[in-house]
Amino acid sequence: MLIQGFNSVVALLGLAMLVLAVVAFVFALVAREDAYRAADKQTKTFWLVILGITVAVDLFLGMLFLQIAGLIATIVFMVDVKPALKRVSGGGRRGSSSDGPYGPYNGNR
């Protein structure tokens, strides 16, 4: 019973890693090539190859070491590269540094 629960958790984590890798791959695919250069990041081709290999490993091989390496690459893309691309492409957040989630902070005025 305990082994079956563990296998379910491992399968769910594998599915989550696959979904995250596919989402990152799609983001890398739709971003403009010049945005990668403007953001001073690796090329679009580099990220498409890395994330494509990650998706393939998650789908077909299921080797834990390679899956973890792909997860790290995916997290780096989502946390570092994607926001930089968004900022360079004009999709970044606009406004003052004092803006809160509901608009500008006016200091109780």
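**A close look at the aromatic cluster**

Author: Let's start with F77, which is buried, at a relative accessible area of 0%. Buried here means under 20% relative accessible area, exposed means over 50%, and partly exposed is in between (1.4 Å probe, protein chains only). Before going on, a word on the source: this is a predicted model, where local features need pLDDT of at least 70 and side-chain atom pairs count only at pLDDT 80 or more, while totals for chains, interfaces and linings use all residues. Residues are numbered from 1 along each chain as its sequence is written, and side-chain values use heavy atoms, with hydrogens and water left out.

Now the rings. Rings of Phe, Tyr and Trp (its six-membered ring) pair if their centres lie within 6.5 Å; planes under 30 degrees apart are stacked, over 60 edge-to-face, and the rest tilted. That rule gives two aromatic pairs. In one, F46 and W47 have ring centres 5.3 Å apart and planes at 85 degrees, so they sit edge-to-face. F46 is partly exposed, at 34% relative accessible area, while W47 is buried at 7%. W47 also pairs with F77, this time tilted, with 5.4 Å centre to centre and 55 degrees between the planes. That pair links distant parts of the chain, as W47 belongs to helix α3 (residues 44-61) and F77 to helix α4 (residues 64-88), 30 residues apart. Helices here are DSSP runs (H or I, at least four residues), numbered from the N terminus. Put together, F46, W47 and F77 make one aromatic cluster.

Let's follow α3 itself. The helix has 18 residues and spans 24 Å from its first C-alpha to its last, close to the expected 26 Å; the expected span is 1.5 Å times one less than the number of residues. Buried residues in α3 include W47, L48, L51, T54, V55 and D58. As a rule, an α-helix has 3.6 residues a turn, so residues three or four places apart point the same way.

T54 is worth a stop. This α3 residue is buried, at 6% relative accessibility. Leaving aside neighbours within four places in sequence, T54 is in contact (heavy atoms within 4.5 Å) with A21, G70 and T74. Finally, just after α3, G62 takes a positive phi of about 70 degrees.

Technical notes:
Helices (H or I, at least four residues) and strands (E, at least two) are DSSP runs, numbered from the N terminus.
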